[in-house]
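Open the model in your viewer and keep the selection tool at hand. The stops below cover surface charge and aromatic rings.

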Amino acid sequence: MFKNIVLLLLIFGFCNFADAQTTSTALKEETNIYERVYDAPLQVVGQESATFDELYAQRPVILALIFTRCTGICNPFLVKLKESLQFKDGDDSFRVMVLSFDPRDNLSDMHRLAQNLGLEENEQWAFAITDSISELTQSVGFDPVWDSARRQFDHDALLVGINREGYITKKLIGLRERGDLDLLTGSINNVFVPTYRLQNQNMLFSCFNYDPVTGKNKPGLGLIFLALPAVLTASLLISISILVRRSRR
Amino acid sequence: MESIKLKKITSVWIIAVLTLFVASIVLGILMRLNQGGVLHQAPITFYSNMTIHGITMIGIWFVAGMAGINYLMERYVKTSYTANLIALILTVSGVLMLWAVTLIGKFHTAWTFLYPLPLRVMWAQWATPTFLVAMSILATGWLIWGISMMTQVLKVYSIPQVFAWQHFKKDPAVKTPPFILISMITLVGVVTCLLVAVLLMALYFAEYFSKGNFVNDALLMKNLTYFFGHTIANEMLYLGLAVIYELFSEVGGKPKWKTTWYVALAWNFTLIFILTAFFHHLYMDFVQPEGFQIAGQIASYLASLPAAAVTVFSVWVAVYRVKIKWTLTNLLFFVGVAGWVIGGFGAVIDATISNNIVLHNTQWVPAHFHTYNILGNVLFSLGFFYWFSIQFTDKRVSEKLSRLILSLLIIGGAGFLLAFYIGGADSIPRRFSNYPAEFTTARPLANIGAVFATVYLIPILILFYNISKRCLKILFSSS
């Protein structure tokens, strides 16, 4: 009896340990990949109003989400981005769209920001605001949280890569180096990025097959391969058992 | 009873394992010294050493467990000497090829050889096919051995009996010895993961020889790699535990442990869940469906925690306020169980998704797997080796020397592991040949680890000398 109680306590202890975990942090860079960005109407500094799809149809877009009253990451984030992209000046394979997600920002705020960064004449960069910011941020998986005490947003330093078709091909969070930005500019121009393998007709045993029409994965032949060894072992076990019993008779 | 041929072949296994163990520890110390900046190896040398260190350690402690259960299984069923011999020959061939591939061919994918690394040839051209052939040879040899032992057990016990299902009812007519239950559950896992290895090698060969006409799915290959790698690394622990269930009480002069409903239940959980626990290696793979990730976490708990609970309980009941005869064998077993449980806790912490986000690929990973190996599984097998070697001689290791051996193992092992754990908690990445200055604690910790690993090596050398000497006598004796 005593032994059983100790055993139960031990099992209880182990089970409690197993419960001691919280919800996992999402792998934010991987959310919303290959989904379409919301087609928001934009007011761009020094340009005519346009919709997002008109802009990315001209050339792929790197979207940087900031707000001008930011006392935190926004400024170093943009300075770093400018510094990392300085060697791509004049490169017309993409446009950097700096978009405010703060409804308080207006075009003159964004113009001042462009001036401060010395980018108001740079055609590669665009500074804009939109009245549909919540739909747009939702479509890219960006979730700023308002802190009323500090009167600041708590948010990620997010770059979103959008190709000419309006699909999000890659996201980067944080201050990133040129190598990562090269992967981003590559991915929005549909250049092969080694971190992802494209579908290949010579790949016969995929675990999942991505359907670009529905945006869903369908189970593939590869999953059978995962189950096969266990099924084989079970069959082997039963076959051996039957065979040795027969030979015993 | 055990035949002379079985004693001799077991001696060969033991000598081979101990020799390779000493060599691999030396490689490990060199790696830590390199990380600490004391040595300056070329990165390729470091990664070649890391590759052969990992493969050898996994391989030797797997075969040590297999040799152990094969020897003890003879008490219950007649085992096949031929299968044992084939496994030995193929293991020696495979190991020689692997050492050549890494040390001469400079193959350096790490022991996990994650796809597509082996196919991106950055070493001698012959190294990749030779590596694949060597792995296939090892898998084939061990598969033959495993299936052979499974067959012999099934000749005596039915399927429900080997899994002790009759123990779920009161007063079963046939009682399954715990050794048979755990050995069989482990062998099923071993055979499954070796079949995975065969499939994995076939897919690698197909891509290697197809010249681009066939490519593999990276997700499938990673799943298969860890299905094999994770499972075999865990099953080798369970082989050691089967030996403990058989010998712990016997060495202490007490009656043998019996299978009860909870022992049967815990080990049946292990049988089922160990085969899906490997999903926890893919937490960072965003393309893996979330359901698999959750399954990986749940399976990690259910495969290990019930078995750990009943084993700790069994050992605790066997020693608490019980007068038993302590020898080096059961002391090694006892410390080994503690090391296994501590390392197991470290593993379960890492297998918890929310923790893995932080600990993934930090030194926490080598910390936990080294814990349940060097202070767990290795001690299980060393306990068996020592017990085996003194079966046929009057000379024992003196009590004083036993105490020294154990103290150095614990001090050396704990210090070596602590350097890894602190590194892991400090988010120091693993598998760096050199650490940049930004990781301020990485270098001193690596050097501390190397010093303690050297302390750990001393008792291993003493045991190597003691055990090998006796095993050589057995090997060359005529009776």
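Select A:Arg245, A:Arg246, A:Arg248 and A:Arg249: they gather in a patch of positive charge on the surface. Patches are made of residues with over 30% relative accessible area and no salt bridge, like charges being joined within 9 Å; a salt bridge is a side-chain nitrogen of Lys or Arg within 4 Å of a carboxyl oxygen of Asp or Glu. The place of an Arg charge is taken as CZ. Accessible areas come from the Shrake-Rupley method with a 1.4 Å probe.

This is a predicted model, in which local features need pLDDT of at least 70 and side-chain atom pairs pLDDT 80 or more, while totals for chains, interfaces and linings use all residues. Residues are numbered from 1 along each chain as its sequence is written, chains are lettered from A in the order written, and side-chain values use heavy atoms.

Stay on A:Arg248, found in helix H7 (residues 222–248) of chain A; helices are DSSP runs (H or I, at least four residues). A:Arg248 has a relative accessible area of 51%, so it counts as exposed (over 50%; buried is under 20%, partly exposed in between).

Now the rings. Phe, Tyr and Trp rings pair if their centres lie within 6.5 Å (planes under 30 degrees apart are stacked, over 60 edge-to-face, the rest tilted), and the count comes to 49 aromatic pairs over all chains. Select B:Phe113 and B:Phe131, an edge-to-face pair at 5.3 Å centre to centre and 65° between the planes. B:Phe113 lies in the loop between helices H3 (81–104) and H4 (127–156) of chain B and B:Phe131 in H4, so the pair ties together parts 18 residues apart in sequence. B:Phe113 is buried at 1% relative accessibility, and B:Phe131 is buried at 0%.

Next, select B:Phe248 and B:Trp257, a tilted pair with 5.7 Å centre to centre and 40° between the planes. Both residues are buried.

Conventions:
Patches are made of residues with over 30% relative accessible area and no salt bridge: like charges are joined within 9 Å, nonpolar side chains (Val, Leu, Ile, Met, Phe, Trp, Tyr) within 5 Å. Lys and Arg count as positive and Asp and Glu as negative; His and the chain ends are not counted. Helices (H or I, at least four residues) and strands (E, at least two) are DSSP runs, numbered from the N terminus. Buried means under 20% relative accessible area, exposed over 50%, partly exposed in between (1.4 Å probe, protein chains only). Rings of Phe, Tyr and Trp (its six-membered ring) pair if their centres lie within 6.5 Å; planes under 30 degrees apart count as stacked, over 60 as edge-to-face and the rest as tilted.
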